[in-house]
Amino acid sequence: GDEVVAPPTTGAVEANGVVEHVVDGDTIDVTFDGGQEERVRLIGIDTPEVEHAASGSRPAQEAECFGPEASVYTESLVPVGTPVRVERDVVPRDDYGRVLGYVYRASDGIFVNYEIMRQGYAQPLTIPPNVTFSELMLQASRDAERDAAGLWSACRG
């Protein structure tokens with residue numbers, strides 16, 4: 001149906017970690033309450049890549065359209081030191097060992113994955129079985145595209 005799914009924002013939520021570093025638009029480093037630092041890949045979204053110098057076997061990578069902007073936007077939502085709540089889906093980690101997470105800003109419950117998508121900084125990326133919010137993400141991307149938000153207007157080529 002066409003029912004609008006409101007992002008699951010209920011006000012403040014209990015934090016279970018703190019942002020240590022924003023790697024790029026869809027990846028952040030979080031120190032969890034237990035003290036361990038983990039790299040967290042945001043589920044359901046895929047932001048354009050930022051520029052990376054070559055390292056090891058990895059070739060240098062040029063920044064994709066809107067990659068740097070996406071990174072800056074994510075950092076504006078959850079700057080270093082921000083308490084966050086990270087929740088997992090069915091599969092807890094990706095092939096690189098990163099935690100796969102839905103990230104909420106603890107102070108106000110903002111659903112970071114959704115906001116990045118809604119504001120036009122990401123494309124939907126659903127990898128089953130982690131599909132809890134796949135419909136919500138698709139809706140957000142359609143809304144962003146309709147509004148020509150972010151990369152939807154900047155990256156028409």
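Student: In this predicted model, where is Pro 129 found, and which bond joins Pro 128 and Pro 129?

Tutor: Pro 129 lies in the loop between strand 7 (123-125) and helix 3 (134-146), and the peptide bond that joins Pro 128 and Pro 129 is cis, with omega at about 5°.

Student: What makes Phe 66 count as buried or exposed?

Tutor: Buried means under 20% relative accessible area; Phe 66 has a relative accessible area of 14%, and therefore it is buried. Phe 66 belongs to the loop between strand 4 (44-46) and helix 1, and its phi is near 75°, a positive value in a residue other than glycine.

Student: Why is Ala 148 called partly exposed?

Tutor: The term covers values between the buried limit of under 20% and the exposed limit of over 50%, and because Ala 148 has 37% relative accessibility, it counts as partly exposed. Ala 148, placed in the loop between helix 3 and helix 4 (151-154), also has a positive phi, of about 50°, although it is not a glycine.

Student: How do you know that strand 2 and strand 3 pair?

Tutor: Pairing requires at least two bridges between two strands, and 5 bridges join strand 2 (residues 27-32) to strand 3 (residues 37-42), which run antiparallel. Thr 31, for instance, has Glu 37 in strand 3 as its bridge partner.

Student: Which residues touch the most other members of the largest nonpolar core?

Tutor: Among its 36 residues, these are Val 40, Val 86, Val 103, Phe 111 and Ile 116, while strand 6 (residues 99-105) gives the most to this core, with 5 residues.

Note on methods:
Residues numbered from 1 in each chain as written. Predicted model: local features only at pLDDT ≥ 70, side-chain atom pairs only at ≥ 80, totals over all residues. Heavy atoms only, no water. Core = buried A, V, L, I, M, F, W, Y, C linked by side-chain atoms within 4.5 Å. Buried < 20%, exposed > 50% of the residue type's maximum accessible area, 1.4 Å probe, protein only. Helix = DSSP H or I, 4+ residues; strand = E, 2+ residues; numbered from the N terminus.
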